[in-house]
Amino acid sequence: MKTTSIISAAHEMPEGVQQPDEIPVPYGTRKTLAMGPAVGEIEEAFGRAGAEAIAADLKARAGKKGYKGYPVYQGHPDAPAPLGSKYPNKAAVGWIEAVEPGETEAIFRVRWLANPGEGFSFFSPYWGGAFDASKKLLTVTKLKSLGLTNDPDYEDMALPHEGEGEDQPAGTPAQPKKETRMDPKAIAKLLGLPETATEEEINAAIGAALKAKADAEAQAKKAGEEKQAAETALEHERKARRGAILDRAVEDGRITAAERDVWDARLAHEKAFEAERKALEALPAKLKTAPSAKAAGGRAACAGRDQVLALAHEKMAADKSLDFSAAYQAVKAERPDLWVAGGKAGEA
């Protein structure tokens with residue numbers, strides 16, 4: 001596997017003379033003739049992994065003295081001759097200071113040094129990457145620079161290989177690449193719009209899709225938070241139910257205070273709860289203990305607690321699809337009067 005550097009397909013930018021500070025570079029696989037007729041058509045793949053590799057390289061080099069980022073040029077003056085010699089302005093008009101990988105594209109954040117010029121409607125990343133000759137696949141993992149153009153003549157704007165260098169064997173010839181870009185009609189079709197859709201309509205559809213995605217994510221987050229809150233409340237209810245049963249068992253002398261934690265763990269298994277509760281209630285009284293202050297203070301609520309448990313078991317018997325948790329919540333909704341002042345009936 002050899003490594004080579006080529007330029008990506010040109011991508012259309014919003015109309016207008018003002019270049020954006022954030023340039024979205026979409027992921028994708030593009031067919032190209034960059035390797036020349038001897039190799040034939042290959043595929044160039046730019047994905048999130050490649051964007052992350054470029055971002056990591058930028059971050060690592062940013063700490064070095066004098067490093068400003070990836071340069072942005074008018075055209076491609078950094079390309080090997082004869083292509084590079086076509087661009088007299090060899091000064092950078094901006095620097096890419098950050099690369100932020102996203103789900104479907106990477107954002108190149110540019111600090112412009114000066115007005116890069118009017119009418120630029122396309123940009124062309126000068127890529128680098130690993131070329132797998134057996135698969136005819138170039139996997140993008142590097143970025144050298146970004147070139148701006150206002151005349152996307154694909155054949156003329158094709159960037160050749162870097163030629164001889166550390167990433168290529170000596171003698172590798174520079175070959176032109178035919179560039180392509182996505183047809184706006186294809187974008188409109190993907191968005192469910194007619195092929196005659198204007199740029200404004202396409203942008204509006206993209207904005208609506210992004211908003212819908214954001215709304216869905218917000219709703220999913222809210223639903224998750226509500227589910228977590230419900231689960232927490234239910235666990236509190238279950239803990240209170242176990243506490244009431246264990247208080248009564250200790251008070252009746254069926255278990256000692258030292259045995260309480262063991263039985264609490266047994267009752268905590270919801271699927272085995274009913275069997276464990278019956279086993280606990282079947283224990284003979286070992287000794288009669290004096291009621292604790294907590295038990296005495298909550299005695300007025302015991303009758304209500306017992307009624308809640310009884311009603312929950314009645315619902316389970318009538319509807320086999322209900323587990324205790326569902327039955328308990330149903331009783332709580334139907335009989336709020338059982339959660340009395342002075343100590344909730346459903347809590348210890």
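**Exercise 1. Find what share of the contacts between residues at least 6 apart in sequence joins residues at least 24 apart.**

Solution. Take the contacts in the chain between residues at least 6 apart in sequence. Of these, 62% join residues at least 24 apart. The model is a predicted one.

**Exercise 2. Describe the chain as a whole: its helices and strands, its buried share and its accessible surface.**

Solution. Start with the elements. The chain has eight helices and 10 strands. Next, burial. The chain has 348 residues, and 37% of them count as buried. Last, the surface. The accessible surface comes to about 19300 Å². Carbon and sulfur atoms account for 56% of that surface.

**Exercise 3. Work out how α3 lies against α5, and name the residues in the contact.**

Solution. Locate the helices. Helix α3 covers residues 199–252, and helix α5 covers residues 273–281. Their axes are 11 Å apart, at an angle of about 15°. Angles under 35 degrees count as roughly parallel, so α3 is roughly parallel to α5. Now the hand: α3 passes α5 in a left-handed crossing. Then list the contact. From α3 come Arg241, Ile245, Leu246 and Ala249. From α5 come Phe273, Arg277 and Leu280. Sort the residues by class: five are nonpolar, none is polar and two are charged.

**Exercise 4. Work out how α3 lies against α4, and name the residues that meet.**

Solution. Begin with the geometry. The axes of α3 and α4 are 10 Å apart, and the angle is about 140°. Roughly antiparallel needs an angle over 145 degrees, and roughly perpendicular runs from 65 to 115. The pair α3 and α4 is therefore oblique. The crossing of α3 past α4 is right-handed. On the α3 side stand Arg242, Gly243, Ile245, Leu246, Asp247 and Val250. On the α4 side stand Arg260, Trp263, Asp264 and Leu267. By class, this contact has five nonpolar, one polar and four charged residues.

**Exercise 5. Complete the set with α4 and α5: give the angle, the axis distance and the contact residues.**

Solution. Helix α4 spans residues 260–267. It packs with α5 at an angle of about 145°, and the axes are 8 Å apart. Read off the contact. Helix α4 brings Trp263, Arg266 and Leu267. Helix α5 brings Phe273, Glu276, Arg277, Ala279 and Leu280. The class count is five nonpolar, no polar and three charged residues.

Notes. Residues numbered from 1 in each chain as written. Predicted model: local features only at pLDDT ≥ 70, side-chain atom pairs only at ≥ 80, totals over all residues. Heavy atoms only, no water. Axes fitted to C-alpha atoms, helices over the stretch in contact; angles between N-to-C directions. Helix = DSSP H or I, 4+ residues; strand = E, 2+ residues; numbered from the N terminus. Left-handed = near helix turned anticlockwise from the far one by under 90°. Contact = heavy atoms within 4.5 Å. Nonpolar A, V, L, I, M, F, W, Y, C, P; charged D, E, K, R; others polar. Buried < 20%, exposed > 50% of the residue type's maximum accessible area, 1.4 Å probe, protein only. Areas by Shrake-Rupley, 256 points an atom, 1.4 Å probe, with all protein chains shown as cover.
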